[in-house]
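I'm jotting down what I look up as I go.

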Amino acid sequence: MSTSTISAGPAVTAGPAPSRKRSRGWRGPLLIWAFVAPALIVYATFVLLPVALAAVYSFFNWNGLSALERFIGFDNYARALSDPVFISAIGHNLAIVALSLVIQGPLAVLVALLLNRPLRGRTLIRTLIFVPYVLSEVVAGLAFRLLLPPDGPFDGFLTALGWAGDKPNWLADPAIAFWTLFFVLTWKYLGFAIILMLAGLQGVPEELGEAAAIDGASWWQIQRHITLPLLGPTIRVWAFLSIIGSLQLFDMVWILTGGGPINSTNTMATYMVEYGNQRSQLGYGSAVAVILFVISLAIALLYQRFVLRRDLAGAITRNG
Amino acid sequence: MTALNLSSRRRIDPGIPLTYLVALAVVAVTVTPVIYVILGGFRTTAQINRDPGGFPDPWVFDKYAAVFQNPNFWTQAGNSSIVALTTTAGVVVLGMLAAFVIARYEFRGRTLLFSLFTAGLLFPLTVAVLPLFTMLRSFGLLGNLLAVIAPQVAFDLAVTIIILVPFLRAIPAELEDAAMIDGAGRFAFFWRIVLPLSGPGLVTVGVLSFVKSWNAYLLPLLLLGNPATATLPVGVQYFSTAYSQDTAGVLAFTSVAMIPALLFFTLAQRRIVGGLTGAVKG
Amino acid sequence: MKNKARTMRVAAFGAISALTFAALTGCAAPATDDGEVTLTWWHNGTGEPLLGFWEDVAAEFEEANPGVNVEVTAYQNEELQRTLIPNQLRTGSGLDLYQQWGAGELAAQVEAGYVMDISDQVTQEVDALGGVVAPWQYEGATYGLPFNFGIEGFWYNKDLFAQAGITETPTTLDELYDAIDALKAANITPIAVGAGDGWPAAHYWYNFALKSCSPEVLQAAQTTYDFDDPCFLEAGDMLEEFLASSPFQEGYLATSAQQGAGSSAGMLATGNAAMELMGHWNPGTMGGILKEETGAAEATAPEFLGWFNFPAIDGAAGDPTAALGGGDGFSCSAWAPPECVDLLKYISSVEVQTRFGESGAGVPVTPGSEAGISDVNLQQVLAGLQSASYVQLWLDTAYGPVVGGAMNEGIVSLFGGQGTPADIVTKMKDAAATL
């Protein structure tokens, strides 16, 4: 995931402003806009404008240098959507989204639940678990590229564990490379999920659990009926971040496999860079980028509408 | 809030030993690749080829020395620092200013503005990269660090504002009223009261922004061109391919590239984790 | 509270100074500085002997031209060709002398206005070089000079061949199949291929296409992108048959061509495979790998190395003495200082080219420098080049990055057991349509 974001709870509205006083004369709005202007200008120039430009370029056949004059309408989109390599790239992104939710999520919650007690060395454990997240995807990808070749350190480790004989070619086998990629991604981001869940668990009052225990509930029952529901908002926030990150995945794939072997680990982003940048077809690359954007937007909006609706309702009434 | 403490109830407790086991397993899986890379830099390539999984024997310091003597490394590390620090500063300053007024004051276009920034969360950087390239080339900024800083600040603003707005909204109106009564203007209120109170939020935002910028790859890759003057992640990748035959050297370079992030994290880890806790709770 | 406010102020001040600092230091260094000229030179010779060779050339040029500073850097081949050079050229600055593979790639760069037209300054060199300079020319003008040109063939391990009982090098495809069987029977990996990098695998298809298609069809395809001739399908069919005989090493899809002992070149160099289809730079590459592996500074290509042409194919329509080849050259960017052309001419001089031949890194092109070629195998390559009736440039270079990229993808898919020979041609045609 190339974004490392936390949204402060699911509140996606600005909420009511505490100060309802109207501005004093003309200086008020001027001051307000003066505050906002720098951020707005930078944002508009380097976020909104490029995204709009991407949409414009996508309708042209353009190598990035000559004049922008070969208008081809929706041809780039048609080409992308009929290219089996791109469709499979979309599939890979969606698969990573699903796998992350289904595997990393529960795993993180489980580990967090287990670790959520006074342990000796707890701070150290938390620090160490978080280390992969701090490393860049490039460094992590490089490390694993050096660990995973045939008869490399990882294979040596497996042999030491008792697995004699040939091991699968983790990075070279088109059938396996994708799973290797997912494994490395999990290594990188599980710690983040665990820490996030641990943080969320801080908000679960212990009295509830104790009361239930007095009533004879087992540990598992307590977790299932009390802790997990209260952990809900945290899980939903993490899931949102995970989804967005999975859709935009680039660095790790580029370094670890370059999208191969035979396009088996391509993502929308690596496809875009390969065709748009390496092969100098910026119009086509822009079309791919716009498709990536539309897919992200659609999923995010659906998610906010259906999953975060409950949390939203609570947020609006909260005054912070 | 303390954690759910059930150690007093043995019959419900799944077992402290199990917990330690799980913790140990997770930590082992997490840390081993990192350790391998670091130790690998202390060996020679021939050693590694003979015995990929072994310990350094003998310990060789040449590879690490070579990294520190490599002028490219220092240029790249320096560039990474400049870019990360400037990005963080820019994000914090601009984000704070904007979030402050969005959070606390009614004005026309407020909701639209907030939605505009929120939408930025959904814009993948990849979408903007190619147009940014052509745009920055026409500004003549390609190869200049600003080419990377400005877009990073812009893209981080969305996250920053989303985190800061609830923080700032939480500051009671009474404080502002009191300040007004004392004759302070809005700016003074901002400067003397709001800023200090937002410390934790700003630290969270700053740290996230710094880490993200330090680790950024795609943007510097496409916008900075020449690896000798690019940032560290780009430099590490090129080193690894240009010297691919020198496995030990690559491992040394990679682990040195890890150090700043690890150091930074160790120093700030309480803040980071604490900040995340606050953000999630709040 | 006061502390925090002060911290904020300091941070703001820091930000402003950092921004200023960044703006000042981040600016691209000007090429001229008080009369000093700096040339930025990028090439792909990351291993010895090329790495040291070009550094020596740069140092000599600096000595002979006071006031000129040459910054020479080596980058990995694929990264250089696909990412570094295109990215840097697009910025319009910062690169002066750079590696040039010619033909379709050159054409794209010229159209975009990146390359310096050096026709007037190198008339003598062009006359001397003759036909071999053609890939570095476009529409009558010269945009670069080659320093290396040779044809492709099979590099093989004489010892392993003897071990398998193979007494003569294959001259026909059937004999090659026999050799493969003999090697497999002796438990030797017949052929190493660096399919992970794409193009080494693609070269098999190129060679089959070369043997199946007449030179006219091939030449036409280069300019009109017309791939309708059935010979292109035949090439794929032959490749499919070849793949079915399982001649390659395990995991060939991830093996790189030149990076480390696990690459295809490395496998051949360390005796782990008997053959590799590769260009004439292979001895140099293998020497570099061995040097890193063993730590021996003077490691060269192994003694057991031999070379033979890609075998003829009975009944194929192509010219049996045609050869697939290519070379390397350098071009100056359109914004490079005039000293760049001087450096290029120095590289192309008989003296430097002779030393290039001596280094064993490739086959020099400047007439008169052949005497320097000491490597027996390279002499064979040169002989093959000179006797070839028609030399076809690597197809991906010839067709340019868009069609070439699509073509290589299609071929690698075939290697991976996906896709069909027809798919390769379809991909090429589709890519050509997007140009």
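In what order do the elements of chain A run from the N terminus on? I'm working on a predicted model here, and going along chain A I read α-α-α-α-α-α-α-α-α-α-α-α-α. The tally for chain A is 13 helices and 0 strands.

Next I checked burial. Chain A has 320 residues, and 50% of them count as buried. I also looked at contacts in chain A with a separation of 6 or more: 73% of these come from residues 24 or more positions apart.

Then the neighbours. Chain A puts 100 residues in contact with 103 residues of chain B. Which element gives the most to the chain A side? I found helix H1 of chain A, residues 27-57, which supplies 16 residues. Sorting that side of chain A by class, I got 66 nonpolar, 28 polar and 6 charged residues.

Last stop, chain C. I have domain 1 down as 32-150 + 326-377 and domain 2 as 153-324 + 393-433. Their centres, taken over C-alpha atoms, are 27 Å apart. Where they touch, domain 1 of chain C brings 22 residues and domain 2 of chain C brings 25 residues. On the domain 1 side, helix H3 (77-91) and helix H4 (103-111) of chain C are the elements giving two or more residues. H4(C) gives the most, with 5 residues. By class, I logged 9 nonpolar, 9 polar and 4 charged residues for that side of domain 1 of chain C.

Methods:
Residues numbered from 1 in each chain as written. Chains lettered and ligands numbered in written order. Predicted model: local features only at pLDDT ≥ 70, side-chain atom pairs only at ≥ 80, totals over all residues. Contact = placed C-beta atoms within 7 Å. Helix = DSSP H or I, 4+ residues; strand = E, 2+ residues; numbered from the N terminus. Nonpolar A, V, L, I, M, F, W, Y, C, P; charged D, E, K, R; others polar. Buried ≥ 20, exposed ≤ 12 C-beta atoms within 10 Å, placed from the backbone. Domains from an automatic or database assignment.
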